[in-house]
Each structure stands twice: as C-alpha cells, then as structure tokens.
Amino acid sequence: MAIKLKQAGYHDFVILEKAADLGGTWRDNTYPGCACDVPSHMYSFSFELNPNWSRMFSPQEEIWEYMRACVDKYGIAPHFRFGKQVTSLEYDDHQRDWEISTADGATLRAKAVVSGIGALHVPKFPEIKGRETFKGPSFHSAEWDHDVSLDGKRVAVIGTGASAIQFVPQIAPSVEKLTLFQRTPPWIQPKPDFAIPSRMRKVLRLPGMARAMRNSIYWVLETRALGFTIDPKLMKVHESMARKHLENQVPDPALRAKLTPDYTIGCKRILISSDYYPALTRQNVSVVTDGISEIRERSVVDSSGVEHEVDVIVYATGFKVTDALQEQHIVGRGGVKLQDAWQDGIEAYYGITTAGFPNLFFLLGPNTGLGHNSVVFMIESQVRYVMDCLHLLSKTQARAIDVKPGRQRAYNRRLQERLDPLVWNEGGCNSWYLDEHGVNRTIWPGFTFEYWARTRRIKPDAYELIY
Ligand code: N01
C-alpha cells in the first residue's frame, strides 16, 4: 500500500506499527522450521519479482529480508512510526476525517485510513481447566521463547495446524519425548520444496523468466480452485493424493487411523509437508487424540484420564481470526461502533469498505482469504482498489466516500449464497473460516482472477460521495 501510494505521488502518510520493527507474520513467527507454504515466486509482489529465492518455499528470515529490501528500495522507511499501537479510530462527522489514537496517548488526524492489521496475529490460547497452574515454561507458536531449550525435555504440543506441522519435525529429534495433542487431523499433501540451484537462479534472472515462473505457479495453484469454487466432489483428486501420502509415510495402521481426517479435504486449510508424518512415527513421539480435560502443575491430563507428565507446553492453537477486526475500537458516522454495525457478523464490500465508515479501507478484510493461492495477490488487488478510491476522491473533490448499505448487503447476500454449497461450509468440519454462527466470514469463494477483475475499477454508483 505504501509503495503504491508513493508511486502515485502521495507522500503525506504514516504507517503505524505496534511493534518495534516491520514484518508482521514474518517478524512474529520465529518458530523452528517457519516457512511459507505458498511458493515464494507467488508469495511476493508482482512488481518486485525476486529471482534469488533460495527455495521453492522460502524460510521466514528470507521473506522478512525481502520485505526489508522492498522498504529500502521504495523509500518507505521514513513513513514508519514504530511502537504505535492504534487504540481507536473515530470518524469526525464535522471535519469529515479520522482521529486516530495510539496507546502512548498520541492522536493523529487523517483523511483516510487503511487497515492492514491482518487476521492472524492475536494468539489464541485454548480454554482448558488449570492452564494457568502449569509450572513449567509454556508459550504460543507465534511467540516462540528461544530462551527455553527443548533439548532432552518432555514437550507437549497442543494443536496440529499449519504452524505445528512445520515445527514438530524440527524439535522432535532433540526432545526426550514429544506428546502431540491432536483435536482434528489435518489433510496433508507432499511439499514440493527444494533448494533452487544457482544455475536455475541464473536462468530466472534472464528477462521474462521470473515472470514466467510466477505465472506458471499462479495457474497451477488456480486450478486447485476448481474443487473449492465449483463442487466439493472435485476435491476427490486432492483427497486421494493426501491419502496416498499418509499411506506412504505412516506404515502403522493404528497411527494412520488417528491421522486420517473424517471431513472433505479443503474444509480446513490443506497443509503441505513431507516431514511431518515421518516425525510422528518416531519412538519418542506420541499422538494423543482423546482431547484434553485438564492441565496440572507438571502435566496434561487427557479426557480418558491419562496424565502425561511434561516439562514444556507449546500452544500451536492458532489465532483469534474473525474477531481480530471486531475487537478494534472503531467508531464511524453518527458515532456508530463497528461492533454494532457488525452485530450480525463482519462484512464489507469486496472485503474492502464497509457502510458507515467513510474512507476506511481494509486489506485482507472479510471474505478475502484463500484456500488455494497466494493472499499477496488479493492484497495487491485491494491496494489497487484503494488507489482507485483515492483517485475518485481527487477527481470529484469529495471529502469522503461511503459504500451504500444496500450495495454492501446485496453483495454479501450473493457471496454467502455462493459459499453455502462449498467445501468450507459443507465439508463437515469446524474451522476458523466460520464465525460463531457457522457463517463463513473469511474466504473468497471464487477464482482469484475473478476478484482481480471485479476490484479492478471502483463502481462510483456503489458509493455515496460526501462533500
Ligand atoms: O493455527 P490453526 P496455525 N484443544 O488455527 C488446535 C497461517 N499459517 O497457527 O482443528 C486442542 O490452523 C486446532 O484444532 P482444530 C495459515 O493461514 C500460514 O497452525 O480446531 N487443540 C488446530 O489443530 C494457517 O491456517 C503459514 O480441531 C486445539 C490448531 O490448534 C493459520 O496461519 C504457516 C484447541 C490451530 O491451528 C493458522 O495456523 C503457518 C484446543 N482447545 C500458519 N484449540 C504459511 O506458511 C485449537 N486447537 C503461509
């Protein structure tokens, strides 16, 4: 967003960052083995291709480094204000601008606000009886405590999502015992990861080659959308690939049974790993599927009453997703709080603007997440849309734009109708894609090129212009 603002000649903006450094996900998540599960040539900006990625799926440090390199190249550094946690956003009906307060007591005023807070950054801890009584070290995967050595320790890992499957194979060889508490097994496909040889990197530096690589990855990933967007039955191919992967890697039928999901693949995020299953077959690793009834000072008790003594607990239990935006103190026109505007569920127009909150734009807002391709593609579409909104403001000399409530409602009605028969809603699982009422507030139900095409230009008649 900052790069595109600058390129368009907007220089009067600040980036408020709660932490002391930039990087978001790729700054916070430092657990062993942290890497992207989308190929790097696609999980990067379309306007800043990097022929030098070291692997197909690059590790966290390299992605963070890429972000820093972009900041340097495009001169974004002076715009950052670190240690600025936004505590409230209030729209001023008279001035027609936003007052932004930060935790250090400062206030700022801005004509427009872009929320880039993401959905996966507030760690979620499970509500398990006695959790606070545990005497040993315990931490969340997104707040990995590198001062705690796990070597020779008895470690409990709770959760088997995208984060857990990356660090479990890394820590398993050095711990004394790893007890993995699995509530729902994920579907896992092989990870086609490899170090990109220097010869291939040389080729990628030739004109057009990095673009061709990116485009081919895009279309391969996009074909995965068929089962997601058309009919869950088309997911069968993916399911048999995942089932074969499990059979090949886990010879023990009892363990295999524990690891076999009972819902349609794709209902939860499809995970990719080639070293997770082998780690679970180790002598010092056990998978507990009985659920957790209690945590005591030195142990985790499962629901069949077995007490597992452990020295350390790692929570790989994910993030507060659908409430990440809702928990913010955001007050729009007429003093209406975002929580009240969204009392029936979070929704926006193309996930970007929401009625009653003029000139407030969301990146990765409601229903713009993906199960099959890179969200960076979605973010870039949203950024272009926000730029188009700003151009409309300049052109019309309007002070603000506000999406019409009827347009937003109609858009979301169609969106939910599309989502109804699809795998996230119908696949027979519980996932963080759904809110507490079982409504999908997270996923875009179509191909990404459809989203790209629909957000290419703002439709001015969908908006009220405020002068
Ligand atoms: O979190 P998750 P994550 N008792 O929510 C379990 C992105 N990401 O940090 O499935 C026991 O996926 C829960 O069980 P269940 C990616 O978008 C990207 O792993 O709800 N278990 C689940 O197994 C991903 O989707 C990359 O039954 C409990 C796990 O904890 C998102 O981040 C890499 C429990 C949580 O899994 C989050 O991933 C890593 C309880 N009370 C992550 N509560 C990339 O490479 C929860 N669980 C881009």
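## Ligand contacts

A backbone N or O atom of Asp37 lies 2.6 Å from an oxygen atom of the ligand. A polar contact here is a pair of N or O atoms within 3.5 Å; within protein, one must be able to donate a hydrogen and the other to accept it, and residues adjacent in sequence count only if both atoms are side-chain atoms. Arg183 places a polar side-chain atom 2.9 Å from a ligand oxygen atom. At Ala316, a polar backbone atom is 3.2 Å from an oxygen atom of the ligand. On its own, the ligand has 920 Å² of accessible area, and the protein covers 85% of that. Areas come from the Shrake-Rupley method with a 1.4 Å probe.

The model is predicted: local features need pLDDT of at least 70, side-chain atom pairs count only at pLDDT 80 or more, and totals for chains, interfaces and linings use all residues. Residues are numbered from 1 along each chain as its sequence is written, and side-chain values use heavy atoms, with hydrogens and water left out.

## The shell

The ligand is surrounded by 22 residues (a heavy atom within 4 Å). Asp37, Thr160, Ser163, Thr184 and Lys268 are the closest. By class, the shell has ten nonpolar, eight polar and four charged residues. Gly counts as polar; Asp, Glu, Lys and Arg count as charged.

Domain 1 (2-121 + 321-466) and domain 2 (131-186 + 234-315) each supply at least three residues of the shell. The bounds come from an automatic or database domain assignment.

## The four-stranded sheet

This open sheet has the order β5-β4-β3-β17, with mixed pairing. Strands are DSSP runs (E, at least two residues), numbered from the N terminus. Two strands pair if DSSP finds at least two bridges between them. β5 (107-110) and β17 (329-331) stand at the edges with a single partner strand each, so one side of each has no neighbour in the sheet. The twist averages 15° from one strand to the next. Axes are lines fitted to C-alpha atoms, and angles run from 0 to 180 degrees between N-to-C directions.

β4 (residues 97-102) pairs with β5 in the antiparallel sense over four bridges. Ser101 has Thr107 of β5 as its bridge partner.

## The five-stranded sheet

A second open sheet runs β7-β16-β8-β9-β12, with parallel pairing. Its edge strands, β7 (138-140) and β12 (285-288), each pair on one side only. The twist averages 20° from one strand to the next.

β8 (residues 154-158) and β16 (residues 312-315) run parallel, joined by four bridges. Val157 stands opposite Val314 in β16.
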